[in-house]
Amino acid sequence: MSYTENDFTLAELCIAAASEIFRDETDEVFATLIGTLPKIAGYLAKATFKPGMMMSDGIYYLAAEPVPVGPRGDYQVKAEGRIGYERVFTIVAKGNRHAFVGPVQVDRFGQMNLSCIGEYAAPKVTMLGVRGLPGNTVNNRTSMFFASHNKRALVANEVDMVSGAGYNPARYPGGKYPKGLDHRQIITNLCVLDFEGPDHAIRVRSLHPGVSFDEVQDNTGFDLIRPDDLGETAPPTQAQLDIISKFDPHDIRAYIFKDNPPGRRAA
Amino acid sequence: MSHSVLDKRMSVADIVGDLESGMTVGIGGWGARQKPMALIREIVKSDLQDLTIVSYGGCDVGMLASARKIKKLVFSFVSLDAIPLESHFRRARSAGEFEVMEVDEGMFQLGLKAAAQNLDFLPCVAGLGTDVMTYNPGIKTIQSPYSDEHYVAMPAINLDVALCHVTEADQRGNSHIGGPDMFFDEWFCRAAKKAYLTCERIVETSAFNDDHKILRMPIERNLVTGVAEVPFGAHPTSSGPDYGFDVPHLKAYSAIAKEGWDGYVSEFVEADDYVSKVGGADHIRSLPLPAF
């Protein structure tokens, strides 16, 4: 597969954009990457500008180099340590970790839901459970990925079950945010969002090529901040695309978005 | 069912015979990994009821839910790993068939660790700002006696019984977990009044006189009340390094959450020879270890 400057998929655009969430990270941050896009994005960051980043093999070992996504064939994990769940929770509590996760809902406070939808005692939809989101969100840097940017995912009011904490002062003793609460960015199929508005309000950071602010706002259940200098999400470079292919040799990224659309919409 | 202090061998039926309705039962392992499934199947067959189940949940929770054994579930997630959502748990939870105490994964282990140290609680930040606090009004916050910081006071999760599956054990109750992650089996055992282990193999105590094995022996024998030798006793979950989880079996199991549970019970849970029924020893040994 070869690419030209204008030939990249939406998945590749989002992976390159998402790698940027690690730009300001500590040199040896422990990144937890949940799902295909977060994994490849983290790998790209490690390969291009954050060589000291630590990550797991997804099971138990600290991997000295990223483990390619998809079927591994003869590939053997190159372990540089161990990272069982008990140690993960110790690291979470200390804080030098960035969790890049895919919740089902997020609200204007950055509160996330991974548990259930509807009445709590007998939910209309039961999902995974809160998992580690409560701990991640008050101790670690948090970024999110949504494959479908719509009002069911980016909801009006609060999410159905607040599994991951956010910038909602009403929910904290004395209205004071925990020291470790630090939401960074949200990557979606339409844009990149961040929490750099007033009092951590969610702001559009960049629009994917061909997407308007109005389209993003119309598909969001809460008001978004529009910065004066709002620009376009940077396209991936050829060097980035080559690295992405190396870490995703079976093109698993083609299944991140329905029908694997191009990175630039047809006019 | 008598056994001497240093001969703790029991059958799976004897272990489940020691349990009582209404007990709080902790189950080791994680998701679809290292679950004491032979014991779970025995509970499904028993007349036990109204159990409080404490688990980093997988098909242990799903099967006990479909068998209507659960009064209350203490959990952070229920998942089959390769199959992210557990269909039996989802059906039962959405039907409101049991109460829940849903907490963060880190809070969960602190609850076990508090119980293990005879403490009422251990403090953490996790839980603040979430509906974990809304739906668990029994979980309180405290102000630090040293600063103005507020913490969640995660209450002890005291267990009547812990059930875990290990790789090897001796008749004294020493045990070795051969899989890469030992998960929280140690803390389930420490949080419980009694702990019971199933193992792939009963070995001589001398087998543990080994510097490498000793690093994976987190449960000292005086925590253990009984040990049962059950080869492939974690199937359809994994028991590293001997076998991975059985994805085709878990898929078939997942498909019968709404209709067909009784058939699963008669075909597999009540099978005279479970290992043959699910494809035989060679098939289970060939199941690849989890990789994500």
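Does N157(A) count as buried or exposed? With 9 C-beta neighbours inside 10 Å, N157(A) counts as exposed; a residue is called buried if 20 or more other C-beta atoms lie within 10 Å of its own, exposed if 12 or fewer, and partly exposed in between, with C-beta atoms placed from the backbone. The structure is a predicted model, in which local features need pLDDT of at least 70 and side-chain atom pairs count only at pLDDT 80 or more, while totals for chains, interfaces and linings use all residues. Residues are numbered from 1 along each chain as its sequence is written, and chains are lettered from A and ligands numbered from 1 in the order in which they are written.

We can begin with chain A as a whole. Its secondary structure comes to six helices and 13 strands; helices (H or I, at least four residues) and strands (E, at least two) are DSSP runs, numbered from the N terminus. The C-alpha trace of chain A spans about 50 × 50 × 35 Å along its principal axes. For 267 residues, a compact globule would have a radius of gyration near 18 Å, and the 18 Å of chain A agrees with this. That radius is taken over C-alpha atoms, and the globule rule is 2.2 Å times the number of residues to the power 0.38. Of the 267 residues of chain A, 49% count as buried.

Several strands of chain A can be followed from one partner to the next. β1(A) pairs with β4(A) in the parallel sense over four bridges, where two strands pair if DSSP finds at least two bridges between them. Within this pairing, L33(A) stands opposite F100(A) in β4(A). Strand β4 (residues 97-101) of chain A also pairs with β9(A), again parallel and over four bridges, and there V101(A) has M144(A) as its bridge partner. Five of the six residues of strand β9 (residues 141-146) of chain A are buried, so this strand is largely enclosed by the rest of the structure. On to the next partner: five bridges join β9(A) to strand β10 (residues 182-188) of chain A in a parallel pairing, with R141(A) bridged to D182(A).

The residue of the opening question, N157(A), lies in the loop between β9 and β10 of chain A. Although N157(A) is not a glycine, its phi is positive, about 60 degrees. Most residues other than glycine have a negative phi, and most peptide bonds are trans. D259(A) is another non-glycine residue with a positive phi, near 65 degrees. D259(A) is found in the segment after α6 (238-247) of chain A, and with 6 C-beta neighbours inside 10 Å it counts as exposed.

Turning to chain B, there are twelve helices and eleven strands. Of its 292 residues, 53% count as buried. Chain B is divided into domain 1 (12-103 + 157-204 + 218-285) and domain 2 (120-155), with bounds that come from an automatic or database domain assignment. The C-alpha centres of the two domains of chain B lie 30 Å apart.

Three strands of chain B form an open antiparallel sheet in the order β5-β7-β6. Its edge strands, each pairing on one side only, are β5 (121-124) and β6 (140-143) of chain B. Four bridges link β5(B) to strand β7 (residues 150-155) of chain B in the antiparallel sense, and L122(B) has M154(B) as its bridge partner.

Helix α3 (residues 59-66) of chain B is mostly covered, with eight of its eight residues buried; among them are C59(B), D60(B) and V61(B). R68(B), which follows α3(B), has a positive phi near 60 degrees. Chain B also holds cis peptide bonds: one joins H235(B) and P236(B), with omega about 10 degrees, and another joins G240(B) and P241(B), with omega about 0 degrees. P236(B) sits in the loop between β11 (224-229) and α9 (247-255) of chain B, and P241(B) is placed in the loop between β11 and α9 of chain B.
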